[in-house]
Amino acid sequence: QLSQNAMAALKAKYKAKTVSPYKNPSEADIKSYYEQNQSDYESPETFELYHIEISNKDKVAKSFKSVKDLNGFKALAAKFSENKMTKAQSGYLGVIKRDFCLPYGVGMLPELFTALDTIREGKISTPVESPDTQKWHFFWLVKKEPRKVKTLERVHALVMSDMAVNVIAVLPAPTGARIMARSRLKRKSAASCWYGLRSIDLLLL
């Protein structure tokens, strides 16, 4: 990926001028931009989870192995979990977004999402250790939902904002022709900040 300094370097070295290709965009322009960049407006994959948090995994491992259904897992969580907040709700963590921090003080568990990719639902066969607390977490996956594209109505203002920060740099070429450098900024998700240029396309006009 190119850094945001790339466009600044073009301007400094070649005396390029930047212009926006999306001044006063019409609704048709906004819709077209949205349809061409739908991957920028997706909700992340989600997982509905229950868990048991415990310091000594061996204390619950045998019972966990014999659990056959969610009700059995919930009963185990209500009995053994050391997380007071989730223990009160039979281990329910809620709906978790991929690669996001888990609630109720659980924090980041990088290994969890790799394990979740191996099953469709039910219990994860092995516990996951927290790198921060060194506590162990046993999980039950209720369901997972795939990434979904948000409707244009929902992200209309965001699309307009994204269009505004995309610019074209017009470079005076030695031959008298014009070279246009088109920059497209990319975000990690529709809710995050811009973090770099996706590309710069040089077009000889």
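User: Let's start with K135. Is K135 buried or exposed, or something in between?

Analyst: In between: K135 has 23% relative accessibility, so it counts as partly exposed. The cut-offs are under 20% relative accessible area for buried, over 50% for exposed and partly exposed in between, with a 1.4 Å probe and protein chains only.

User: Before we go on, what should I know about the model and the numbering?

Analyst: It's a predicted model, where local features need pLDDT of at least 70 and side-chain atom pairs count only at pLDDT 80 or more, while totals for chains, interfaces and linings use all residues. Residues are numbered from 1 along each chain as its sequence is written, and side-chain values use heavy atoms, with hydrogens and water left out.

User: OK, which residue forms a salt bridge with K135 at 3.6 Å?

Analyst: That's E82, with 3.6 Å between the closest N and O atoms. A salt bridge here is a side-chain nitrogen of Lys or Arg within 4 Å of a carboxyl oxygen of Asp or Glu. K135 sits in the loop between β6 and β7 and E82 in the loop between α4 (70-80) and α5 (84-87), so the pair ties together parts 53 residues apart in sequence. Helices are DSSP runs of H or I with at least four residues, strands are E runs of at least two, and both are numbered from the N terminus.

User: And what about E53 and K135?

Analyst: Their side chains also meet in a salt bridge, at 4.0 Å from N to O. E53 belongs to strand β3 (residues 46-54) and K135 to the loop between β6 (128-129) and β7 (136-145), so this pair links parts that are 82 residues apart in sequence. E53 is buried, at 8% relative accessible area.

User: How many salt bridges in the whole structure?

Analyst: Six. Among them, E145 and K148 pair at 3.8 Å, N to O, and E45, R98 and D117 are linked in a network.

User: Switching topic: at what angle do α2 and α7 pack?

Analyst: About 95°, with the axes of α2 (residues 27-36) and α7 (residues 152-165) 10 Å apart. Axes are lines fitted to C-alpha atoms, for helices over the stretch in contact, and angles run from 0 to 180 degrees between N-to-C directions. That makes the two helices roughly perpendicular, a label for 65 to 115 degrees.

User: Which residues of α2 make the contact?

Analyst: E27, D29, I30, K31, Y33 and Y34, where contact means heavy atoms within 4.5 Å.

Terms used
Parallel < 35°, antiparallel > 145°, perpendicular 65-115°, else oblique.
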